[in-house]
Amino acid sequence: MPSITDCVVEGLKYPFNDIKKLLVFGILFVIFDLLSLAFSLKTLDITRIVMDTLDKTNATTMGFSQMPSGDVYLAIAILIVGFVISLFIMGYQYNVISFSINRKDDLPGFEDIVGMFIKGVKYFLVSFVYSIPPMIVAFLAIILTTNSSAWPVIIIISVLLMIICYFFLIMALNNMVAHDSLKKAFDFREIIDNISNLGWGKYVGTVIFTAIVFMIINMAIGIIMSFLAVIFAATINNQAIVISTVLSIIQALFVTSYCSVFFNRVSGSIYRESIK
């Protein structure tokens with residue numbers, strides 16, 4: 001059985017097996033990030049218009065008819081398109097896990113767009129369902145903010161529950177992908193058996209180690225991006241949006257895509273070892 005380091009090292013090398021496919025995947029992240037930036041800017045515009053209107057009318061509230069409906073509809077459209085793109089991203093992550101489980105050394109292609117979208121929907125649904133318990137506890141914490149003694153305890157419980165759900169989510173996604181069945185993501189007995197087969201210590205250790213490597217990569221790139229931002233700022237005056245856009249494209253195209261493939265490759269490797 002490969003060691004934790006072996007799984008992570010193999011995952012780090014894997015994205016380089018097909019740079020072209022990795023860059024195509026990166027384009028999806030570029031589109032998503034640009035849409036996110038556009039949504040943020042449009043939301044700021046709407047907020048600014050609403051605040052100016054309230055200030056001029058000396059009102060405390062305003063109806064939807066008084067809001068910039070064109071901007072609101074555009075923001076909603078951007079949000080929807082961004083969500084659809086995210087489903088394609090999750091669908092590709094689904095395929096990366098599948099390739100890892102089946103010991104395929106090449107990266108998934110993009111031929112089956114419809115299939116990738118459907119898999120993305122499954123990936124999203126499972127991730128969302130597993131996030132519900134910590135969200136409920138966090139919501140209770142917000143409601144009970146007036147109770148100073150109970151609030152910190154509930155926050156701690158929420159964080160712990162989020163961590164526990166995350167560890168189960170990784171194996172749940174793998175179990176779903178391996179059987180190509182949404183129901184298998186909620187087969188808790190099989191999920192627990194798989195983790196037990198691998199060993200809880202090795203499973204938790206591999207996930208944590210992979211997450212640490214993931215964060216180190218992003219921190220290192222973040223430092224490099226900061227230097228690039230300074231360089232761009234010195235050469236391009238008063239163009240903050242241009243600088244943010246360029247850096248966002250670089251980050252998404254090369255870094256985010258790489259880290260996503262790396263993490264899901266290791267995730268599939270963990271599952272593969274758990275069913276031996």
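**Where to start**

Which helix holds Val-242? Val-242 is found in helix 8, which runs over residues 240-274. Before going on, a word about the model: it is predicted, so local features need pLDDT of at least 70 and side-chain atom pairs count only at pLDDT 80 or more, while totals for chains, interfaces and linings use all residues. Residues are numbered from 1 along each chain as its sequence is written, and side-chain values use heavy atoms, with hydrogens and water left out.

**The chain as a whole**

Of the chain's 276 residues, 38% count as buried. Buried means under 20% relative accessible area, exposed means over 50%, and partly exposed is in between (1.4 Å probe, protein chains only). The accessible surface comes to about 15100 Å², and 72% of that belongs to carbon and sulfur atoms; these areas come from the Shrake-Rupley method with a 1.4 Å probe. As for contacts (heavy atoms within 4.5 Å), take those with a separation of 6 or more: residues 24 or more positions apart account for 79% of them.

**The buried side of helix 1**

Helix 1 covers residues 4-13, and its buried residues are Cys-7, Val-8 and Gly-11. They span an arc of only 95° around the axis, so they sit on the same side of helix 1. The arc is taken from the directions that lead from the helix axis to the C-beta atoms.

**Helices 4 and 5 together**

Helix 4 (residues 113-143) packs against helix 5 (residues 151-179) at an angle of about 170°, with the axes 8 Å apart. That makes helix 4 and helix 5 roughly antiparallel to each other, a label for angles over 145 degrees. The residues of this contact divide into 21 nonpolar, 2 polar and 1 charged. Here Ala, Val, Leu, Ile, Met, Phe, Trp, Tyr, Cys and Pro count as nonpolar, Asp, Glu, Lys and Arg as charged, and the others, Gly among them, as polar.

Key. Helices (H or I, at least four residues) and strands (E, at least two) are DSSP runs, numbered from the N terminus. Axes are lines fitted to C-alpha atoms, for helices over the stretch in contact, and angles run from 0 to 180 degrees between N-to-C directions. Angles under 35 degrees count as roughly parallel, over 145 as roughly antiparallel, 65 to 115 as roughly perpendicular and the rest as oblique.
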